[in-house]
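This report describes selected side-chain and helix features of one protein structure. Please keep the sequence and the model in view while reading.

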Amino acid sequence: MAEKLLDFSQPFDVVVLDATVAAFYGTGSKDERAAAERVLRQLQEHPETWTHVVTILQNSQNLNSKFFALQVLEGVIKYRWNALPVEQRDGIKNYVSDVIVQLSSNATSFRQERLYINKLNIILVQVLKHEWPARWPGFIPDLVSAAKSSETLCENCMVILKLLSEEVFDFSRGEMMQSKIKELKHSLNSEFQLIHELCLWVLSVSQKLELIRATLATLHAFLSWIPLGYIFESPLLETLLKVFPIAAYRNLALQCLTEVASLSFGDFYDSQFVKLYTIFTVQLQVVLPPGTNIPDAYANGSDEDQAFIQNLALFFTSFFKSHITVLETAPDNQVALLMGLEYLTGISYVDDTEVFKVCLDYWNNLVGELFQSESKMDNPASINSLGIQVPLGLGLVDGLGSKLSHRRQLYSGPLSKLRLLMISRMAKPEEVLIVEDENGNIVRETMKDNDVLVQYKIMRETLIYLSHLDHEDTEQQMLKKLSKQLNGEEWAWNNLNTLCWAIGSISGSMVEEQENRFLVTVIRDLLNLCEITKGKDNKAVIASNIMYVVGQYPRFLRAHWKFLKTVVNKLFEFMHETHPGVQDMACDTFLKIVQKCRRKFVILQLGETEPFICELLKGLPTTILDLETHQIHTFYEAVGFMIQAETDPYKREEYLRNLMELPNQRWAEIIGQARQSVEFLKAQEVVRAVLNILQTNTSVASALGQPFLSQISLIYLDMLNVYRMYSELISTSIAEGGPFASRTSYVKLLRSVKRETLKLVETFVDKSEDQELIAKQFVPAMMDPILGDYARNVSDARESEVLSLFATIINRLKSTMIEDVPRIFEAVFACTLEMITKNFEDYPEHRLKFFSLLRAIASHCFRALFALSPQQLKLVMDSIIWAFRHTERNVAETGLNLLLEMLNNFQSSEFCNQFHQSYFLTIEQEIFAVMTDTFHKPGFKLHVLILQHLFRLVDSGALTQPLWDVSTLGASAFPNNMVFVGDYTVKLLASSFPNMTPNEVKGFVDGIFETRNDLPTFKNHFRDFLVQSKEFSAQDNKDLYAEEAAAQRELERQHMLSIPGLIAPSELQDEMIDT
């Protein structure tokens, strides 16, 4: 029956359509719905369906059928409008307008058919985007005069105007041509007077709630772009302020006022802005009396009340961002300004993330701006390299200085309250691992919350500025809150947490003397609090806070050995505390502190009988007794850093021997047993023990570097034997059990041992300074057990770490490895390529590491590539092209970097002609392909560099042979390579982009040759081409400008470095380690 709808030779049957739509949305069987969907889809795609839209709208009894018809019509208007004959366009236009007028003139139909009318409004606006103003010049005057005939029609006219404004000003990018957008904006501007008069007329005459609300919503959409005279030289603001106190219109009026508050055009209307603000604050005191507890009002308020408080935050922040300086000057205005800041502080305590974000963003803006202007005055030349450490009360006392001290005095009250706010609401930093769950229990954090981390970053920056603006007040407020924790007046987990996070966050912002005084009190009080507080959860919270604070102040710990020793011993205490998260945090903090203070532990301190490391090594078995294996590895890594700071090689050897005593003992036992029976090594607990020992070694090697030699030499050969044996075990298991065997827990455990062996060797090679020793002692021994094993293994048992190990070896030993490249090539090349070129998904680790190895060979052993046969070189080139086609960004980037290095190396070699005759055109074609396919935008910078290299090469003198095929075209087919490459490129692009004219393509290729010696111009030339070729229009093209964005980020970092504390001292690569 439904199929009949697709027969366009018969009259269209609306009853059948209604039945089909009802079947699609109904509760019938799955097959009925599928059949209905198929018919409706075919109908929607049929080019003639739209001619029946009017019939459907007039006769259908089903609202969904009407929506279906409007969907078809919308498609025609969007994509085929200008192709329709004029009478059909006019017919649609008039019909839609008539239906809208008819339905919205009658109050009953306007309420009942609301959804349908809204959809018709959208259709009308789509028509307007094509027709108005050129083919429908009377639209706005007609609309305005119709609006005055009935209140419901007027309300709908407001909706249409709002939609039109949003379409033109908010959603037009990528939807319409720039010239069309410009034309529509100009029309709206020139005809706004009529709309303006209509809005004011409604607001002054109408008593109808819905109509006034619709008018305010429309005004809100228009206010951001209308000429300012309509706002400030008409009764508009007065009218808005008049309706603001009325509850039903309060939120809409406030949104309109916020839009006006954010406008900023010089100082011409300053007096008007002041007037707006002062009248507003007077009215606000009636709506929300000063002294109201805003967080409570928000928590207990209705949705409207909550929206009002959020809108109020937006109003104050918008107004202050644009006009706060105007309010600072006259004493009367200052009172209103301070009142506004008081309201905003109250709103900042509201327990709602979105509301707090609005306030926080402004506070950050305000204190940053105050700090910058104060610093310029305190130090007019520039901020010195250490930033400002002068208390900011010492400003210059000339005209500028007095103006500044006036601002400082004006804001001192609000800023003091703001410090309290930041301390009370401080977000959780990344280092803190202990959190309260929804049941009120203290647990270890399982997942990082990115929103909280972003909020912490902004709050931390705000607090640093606040600290610089008044160090004394910051310190006093923090110590006062800490004393309330000690005396129990404000004791609560959350209060202590936010206070300690705030204390940790201002590290680096005080001068050393003040920081010392402050921290002595803080650490002493926190340690006391830990002693006097009972209860496991309470102690865990205090412990986590002590650890966070001490980890943030390395400068203080370096300068105070007694405190450093107390803190480290306290961390050792926490290492026995089995509460979730405490041990992890203790080990992490220990590592963090040792990295910054390592030298302090190996020198003899005043009043001590031996360096601290001796004491630590004696008590080591007891200290690590309760730690889990991964925590022990962190602990060992920290001690490795201590040993590395010892300058006497004999002492260093002794410390290392003592540190590794436990793992070496266990290793010797295992190897001894294995010599008697190799079966012993196969037991699961033995495999686990081997893995643990190797991980401990890797942790120490990563911290210690070259001095680890004596330790790795002890276990190296036995370790390679274990590696070989476990590898054979894995191969046997997979051979017997098939591919599923590789997923069993036992095989996974064996592979972990292999991986850890490779990681240990790679770590040591990477950190080692004696290349000759590595080349002579370590590399030959690993060739068969590691390389040979890789080649012999089945695909699923090959470890990708083999590839990264050899990449590291080549990067460290450089051309010393040139003799070994053929062997490496033979062992890993063909078998790895076979694994990774089947698709883009399997073996992701092997992909990246394979290309890193290839890049290491190309960089340091390039001549070894000349020894490859043409087939092998083709394999290399194919794999590079395959790499940069990859959609995985880091694989593609490695491929492009590798290609660029190879091009440079071949250009300066004797094989230049031979190589480019084989690969020049292929490379050019492949790079153009990835550059224009929109999946590889992040590679844009490298694509351009490669193409620049190729286009500069053609007449550089390095190429002496023709690039075209002489055997088919003859030697004289082209006068030179430059002409040939230009011709080839034009043909290549013309066939790839049929939407570009031959002249556009020719102009682009000529431009390539003209700009090839100037990289920035060359790059812009390609950006323009990408937009012109329509491949990139109306998309997010930020990756094409990634380089510029990176430069901007570096500038921001330099700015942050100039202000003490903005980059936390614990994150700086400081040179104070050995002081």
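How many residues has the largest nonpolar core, and which have the most contacts inside it?

## Basis of the report

The structure is a predicted model, in which local features need pLDDT of at least 70 and side-chain atom pairs count only at pLDDT 80 or more, while totals for chains, interfaces and linings use all residues. Residues are numbered from 1 along each chain as its sequence is written, and side-chain values use heavy atoms, with hydrogens and water left out.

## Nonpolar core

The largest nonpolar core has 355 residues, and Phe320 and Phe590 have the most contacts inside it. Such a core is a set of buried Ala, Val, Leu, Ile, Met, Phe, Trp, Tyr and Cys residues joined through side-chain atoms within 4.5 Å. Buried denotes under 20% relative accessible area, exposed over 50%, and partly exposed in between, with a 1.4 Å probe and protein chains only. Helix 35 (residues 709–737) supplies the largest share of this core, twelve residues. Helices (H or I, at least four residues) and strands (E, at least two) are DSSP runs numbered from the N terminus.

Apart from neighbours within four places in sequence, Phe320 is in contact with Tyr277, Leu327, Leu337, Gly340, Leu341, Leu344 and Tyr362; contact means heavy atoms within 4.5 Å.

## Aromatic pairs

The whole structure contains 53 aromatic pairs. Rings of Phe, Tyr and Trp (its six-membered ring) pair if their centres lie within 6.5 Å; planes under 30 degrees apart are stacked, over 60 edge-to-face, and the rest tilted. One of the pairs, Phe232 with Phe273, is edge-to-face, at 5.0 Å centre to centre and 70 degrees between the planes. Because Phe232 lies in helix 13 (residues 229–232) and Phe273 in helix 16 (residues 270–287), this pair ties together parts 41 residues apart in sequence. Phe232 is buried, with a relative accessible area of 7%, and Phe273 is buried at 4%.

The pair of Phe371 and Tyr465 is tilted, with ring centres 5.2 Å apart and planes at 40 degrees. Phe371 belongs to helix 20 (residues 353–378) and Tyr465 to helix 22 (residues 450–469), so the pair links parts that are 94 residues apart in sequence. Both Phe371 and Tyr465 are buried.

## Charges over rings

The charged end of Lys93 sits over the ring of Trp136, 5.0 Å from its centre. Arg250 lies over the face of Phe308, at 5.5 Å from the ring centre. The criterion is NZ of Lys or CZ of Arg within 6 Å of the ring centre and within 35 degrees of the ring normal.

## Helix 12

Ten of the 14 residues of helix 12 are buried, so this helix is largely enclosed by the rest of the structure. Among them are Leu211, Ile212 and Phe222.
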